[in-house]
Amino acid sequence: GSTYTFAEATWDQKLPQWLGSHGRAFCFFGGVPKLLVPDNLKTGVSHACRYDPDLNPAYADMAAYYNTAILPARPYKPKDKPKAENGVLLVSRWILAHLRHQTFYSLEELNKAIADLLADLNHKPFQKRPGSRYSQFMEFEKPVLNPLPLQPYSYAQFKRLRVGFDYHVEVDKHYYSVPYQYARQ
């Protein structure tokens, strides 16, 4: 594979940032892979299991929107995703090493610096084979990506609620009315 790499900084790994990073990565690649192989972090996988992991409903919803499948790596098996592990190592050596003595005053400023270094990394010629990460990606991997949808995925939060006797549900201290037939359901 090309090991064409995407990286960005986020404030945390909570669900909105996790899903947003996926969408930005898909835009960066110009398409959607047929299969995602994430770690078993709680944001993406509700219950890690070797044979039948439970995916976070919002993560599964995002995958369905982008018409891709999710197959989490087995717990404690980094060999299931060696290219990703090497990508993390490469980013930490190449990008973080260049940025370690700089001060950034916004996340946007940091991500701009990361994007500039990432372009250099992806266009840097290979040492032992012809081309670069970018040229190999464009030649072999980009043609087989699924197309991007017209609109990026919009995060949705899932929550089970009981309708009150007054035909309202409370979400984040706001009340919404529902048809009276659903009272106490």
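Predicted model: local features only at pLDDT ≥ 70, side-chain atom pairs only at ≥ 80, totals over all residues.

User: In what order do the elements of the protein run from the N terminus on?

Analyst: The protein has five helices and six strands. From the N terminus on, these elements follow the order α-β-β-β-α-β-α-α-α-β-β.

User: Is the protein compact or spread out, and what is its radius of gyration?

Analyst: The C-alpha trace spans about 70 × 40 × 35 Å along its principal axes. With its five helices and six strands, the protein is more spread out than a compact globule, because the globule rule gives 16 Å for 185 residues and the radius of gyration is well over that, at 20 Å.

User: What percentage of the contacts between residues at least 6 apart in sequence join residues at least 24 apart?

Analyst: Contacts here are heavy atoms within 4.5 Å. Taking those between residues at least 6 apart in sequence, the share that joins residues at least 24 apart is 57%.

User: What percentage of the residues count as buried?

Analyst: The protein exposes about 12900 Å², and carbon and sulfur atoms supply 57% of that area. A residue is buried when its relative accessible area is under 20%. Of the 185 residues, the share that counts as buried is 30%.

User: How far apart are the end C-alpha atoms of helix α1, and what span should its residues give?

Analyst: Helix α1 covers residues 15-29, which is 15 residues.

User: Which elements are included in what covers the buried residues of α1?

Analyst: The buried residues of α1 include W18, L19, F26 and F29. Glycines are also among them, namely G20 and G23. The cover over the buried residues of α1 includes β1, α2 and α5.

User: Which residue just after α1 takes a positive phi?

Analyst: Just after the helix, a positive phi of about 75° is taken by G30.

User: Which residue forms a salt bridge with E8?

Analyst: Side chains of opposite charge can pair when their charged atoms come close. The count of salt bridges comes to two. One of them has its closest N and O atoms 2.9 Å apart and pairs E8 with R24. This pair links distant parts of the chain, 16 residues apart, with E8 in the segment before α1 and, in helix α1, R24.

User: Which residue forms a salt bridge with D116?

Analyst: D116 has a relative accessible area of 38% and is therefore partly exposed. The closest N and O atoms are 2.8 Å apart, and the partner is K112.

User: Where does N67 lie, and what is its phi?

Analyst: Most residues other than glycine have a negative phi. N67 lies in the loop between α2 and β4. At 59% relative accessibility, over the 50% cut-off, N67 counts as exposed. Its phi is positive, near 55°.

User: What is the phi of K173?

Analyst: K173 is found in the loop between β5 and β6. With a relative accessible area of 74%, K173 is exposed. As a residue other than glycine with a positive value, K173 has a phi near 65°.

User: Which residues make the nonpolar surface patch of about 250 Å²?

Analyst: Patch residues need over 30% relative accessible area. V37, in the loop between β1 and β2, is partly exposed at 34%. The patch is made by L35, V37 and L71.

User: Leaving aside neighbours within four places in sequence, which residues are in contact with P143?

Analyst: P143 is found in the loop between α5 and β5. P143 is exposed, with a relative accessible area of 58%. Its C-alpha atom is separated by 33 Å from that of S46, 97 residues apart along the chain. Beyond those neighbours, the contacts of P143 are F137 and M138.

Definitions and conventions: Residues numbered from 1 in each chain as written. Heavy atoms only, no water. Patch = residues over 30% accessible without salt bridge, like charges linked within 9 Å, V, L, I, M, F, W, Y side chains within 5 Å. Areas by Shrake-Rupley, 256 points an atom, 1.4 Å probe, with all protein chains shown as cover. Salt bridge = Lys/Arg side-chain N within 4 Å of Asp/Glu carboxyl O. Helix = DSSP H or I, 4+ residues; strand = E, 2+ residues; numbered from the N terminus. Buried < 20%, exposed > 50% of the residue type's maximum accessible area, 1.4 Å probe, protein only. Rg over C-alpha atoms; globule rule 2.2 N^0.38 Å. Expected span 1.5 Å × (residues − 1).
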